[in-house]
Amino acid sequence: RQPLHGRSQSRHGQTARRLPLRIGCRSNQSPPRQMKQLLHLKEILLTLILFLFGACSGDTVETTYCNLRAFFRYDNVLGVAPLNAALNGFGEYCTIYTANGNLYFKNLRQELPVPLTAIAYYKQYISIAGFIVGRSNTPDMITQQLEVYAFDRTCPNCWNDNFVSKPLELRENGQAHCSRCGRTYDLNNGGIQMSGEQGSKSHLYRYRVTYNGSNSLLINNTAR
């Protein structure tokens, strides 16, 4: 019998060296090169997935509200029928804007002017073209609450692309329409564009708003 180790004779009489016979591998042996590459690739993919997830989550928070300064405070919600219906109903909306020395509150059924001379404080409100406020009839995907929304009354695409402040018009079923560009936005779904040519802005400019459920409305959005 030929030994397992050492030298042995070949068929031609030449001396041939036999390699040691290895059974198994040592416990401290490093993994093969391909295994190292596979593990490294998994680490890269995991890092990339975590980065993308974090970026998307941050983007969602940042883009919920627009990066524009806005301010409006009104402490007589119950005394203004269009505003009261919008904030204490569901799927109803009210536009707020100034014209001819009046502060106007308007919904699909009624337009109510309030003289600015009688409430000079409210002349300090800040927006592009006024506001659209109301309570959604569709639960928010995250909070599952019927959110109170405050949007700017201007069409975001006309403003962003051409710096044209075109006031939106309220329509049935919680919609706002721009007669200039033909786009329509869904107020009950965060102000998302629902029809018309795709533009640079997919949503209305949304502002932070607080309503205490009774008589005080505050819109206060800080530019970042």
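1. Of the 224 residues in the protein, 33% are buried, that is, under 20% relative accessible area with a 1.4 Å probe and protein chains only, where exposed means over 50% and partly exposed lies in between. This is a predicted model, in which local features need pLDDT of at least 70 and side-chain atom pairs count only at pLDDT 80 or more, while totals for chains, interfaces and linings use all residues. Residues are numbered from 1 along each chain as its sequence is written, and side-chain values use heavy atoms, with hydrogens and water left out.

2. The secondary structure comprises 3 helices and 14 strands, taken as DSSP runs (helices H or I, at least four residues; strands E, at least two) numbered from the N terminus. Among contacts (heavy atoms within 4.5 Å) between residues at least 6 apart in sequence, 52% join residues at least 24 apart.

3. The largest nonpolar core contains 25 residues, and those with the most contacts inside it are Phe72, Leu83, Ile96, Phe105, Phe131 and Val133. Such a core is a set of buried Ala, Val, Leu, Ile, Met, Phe, Trp, Tyr and Cys residues joined through side-chain atoms within 4.5 Å. Two or more residues each come from strand 3 (70-74), helix 2 (81-88), strand 4, strand 5 (102-106), strand 7 (131-135), strand 8 (148-152) and strand 14 (217-221). Another core, of 13 residues, lies apart from it and includes Tyr93, Ala176, Tyr185 and Leu204.

4. In helix 2, the residues Pro82, Leu83, Ala86 and Leu87 are buried. They lie on the same side of helix 2, because they cover an arc of only 120 degrees around the axis, the arc being that of the directions from the helix axis to the C-beta atoms.

5. Gly79 is located in the loop between strand 3 and helix 2. This glycine counts as partly exposed because its relative accessibility is 48%. The C-alpha atoms of Gly79 and Asn215 are separated by 8.3 Å, although the two residues are 136 residues apart along the chain.

6. By class, the lining of the second largest pocket has 3 nonpolar, 7 polar and 4 charged residues; Ala, Val, Leu, Ile, Met, Phe, Trp, Tyr, Cys and Pro count as nonpolar, Asp, Glu, Lys and Arg as charged, and the others, Gly among them, as polar.
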